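Visitor: I am new to this structure. Please walk me through it and tell me what stands behind each term.

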Amino acid sequence: MAQIGMNEVENYGSGGSNFFALKNDKDVAQVRFMYDTSADLSGYALHEIEVDGKRRYVNCLRTYNEPIDNCPLCAAKSKIQVKFFVQVYDIKDQIVRVWERGRGFGQWISGLFTRYNPLVGAVIEIERNGKAGDKNTTYQPFPISVDDTKLEDLPETVNPLGSIILDKTFDELEFYVKSGFFPVEGQQRGATNTAGDTPRRRAVPAEDETPRTRRQAF
């Protein structure tokens with residue numbers, strides 16, 4: 001899995017009700033970002049594919065500077081996307097939600113990390129500027145208050161890999177490229193792995209640290 005730091009996103013050319021969304025112009029919500037510092041926030045390099053008639057994200061197996069053949073989907077010319085699955089604590093509903101953001105989110109949140117350490121201690125109101133469906137929609141953060149809240153005081157977060165993002169091996173992705181679907185358990189046993197004996201999976205934590213990850217069932 002190509003998990004990447006905030007500063008690496010430029011190198012790269014479905015949880016239902018627990019997703020965070022502001023649907024209409026001027027909608028607002030107060031949240032806590034569930035991170036202490038920028039080192040805790042990672043992006044993901046992934047591919048979007050069709051599985052059983054639905055669009056799903058799946059892990060990319062290589063980093064941007066590795067050979068294209070390290071990932072069967074890259075070798076098949078499937079586009080790489082960079083996504084952040086941002087963990088926020090919805091203060092009104094008192095629940096952890098996931099805010100799906102694109103590559104520009106690292107720059108958007110960097111100023112908040114600079115001003116608040118730990119960031120989780122700040123209550124931030126987010127306002128949507130843009131009507132539903134407007135591709136030019138922006139989100140404005142407004143700091144409301146600061147206290148001594150810690151991550152340990154809040155519910156556990158969700159790990160996007162294996163839930164929102166399908167976590168597949170080299171062999172499984174190679175099988176998908178050839179067949180258009182994933183093998184059932186044990187179906188591919190004994191298949192040849194063209195990349196070597198061990199299925200490939202990549203992880204590059206932000207700033208060489210393993211990001212803080214706690215589990216929560218959707």
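Guide: Gladly. β4 runs parallel to strand β9 (residues 165-166), and 2 bridges join them. Helices (H or I, at least four residues) and strands (E, at least two) are DSSP runs, numbered from the N terminus. This is a predicted model, where local features need pLDDT of at least 70, side-chain atom pairs count only at pLDDT 80 or more, and totals for chains, interfaces and linings use all residues. Residues are numbered from 1 along each chain as its sequence is written, and side-chain values use heavy atoms, with hydrogens and water left out.

Visitor: What makes β4 and β9 a pair?

Guide: Two strands pair if DSSP finds at least two bridges between them. Here 2 bridges join β4 to β9, so they pair. Val 58 has Leu 166 in β9 as its bridge partner.

Visitor: Which way do β3 and β4 pair, parallel or antiparallel?

Guide: Antiparallel. Strand β3 (residues 42-51) and strand β4 (residues 54-59) share 6 bridges. Val 51 is bridged to Lys 54. The hairpin has 2 residues between the strands, and Asp 52 takes a positive phi near 55°.

Visitor: Why is Asn 159 called partly exposed?

Guide: Buried means under 20% relative accessible area, exposed over 50%, partly exposed in between (1.4 Å probe, protein chains only). Asn 159 has 31% relative accessibility, so it counts as partly exposed. Asn 159 is in the loop between β8 and β9.

Visitor: What makes the buried residues of α2 one face of the helix?

Guide: In helix α2 (residues 105-115), the buried residues are Phe 105, Gly 106, Ile 109, Leu 112 and Phe 113. Seen down the axis, they fall within an arc of 120°, so they line one face. The arc is that of the directions from the helix axis to the C-beta atoms. Turned away from that side are the exposed residues Gln 107, Thr 114 and Arg 115.

Visitor: What is meant by a nonpolar core?

Guide: A nonpolar core is a set of buried Ala, Val, Leu, Ile, Met, Phe, Trp, Tyr and Cys residues joined through side-chain atoms within 4.5 Å. The largest one has 21 residues; Phe 105, Ile 109 and Ile 126 are among those with the most contacts inside it. Its largest share, 4 residues, comes from α2. Apart from it lies another core, of 15 residues, including Val 51 and Phe 170.

Visitor: Why might such side chains gather?

Guide: In soluble globular proteins, nonpolar side chains tend to be buried together.
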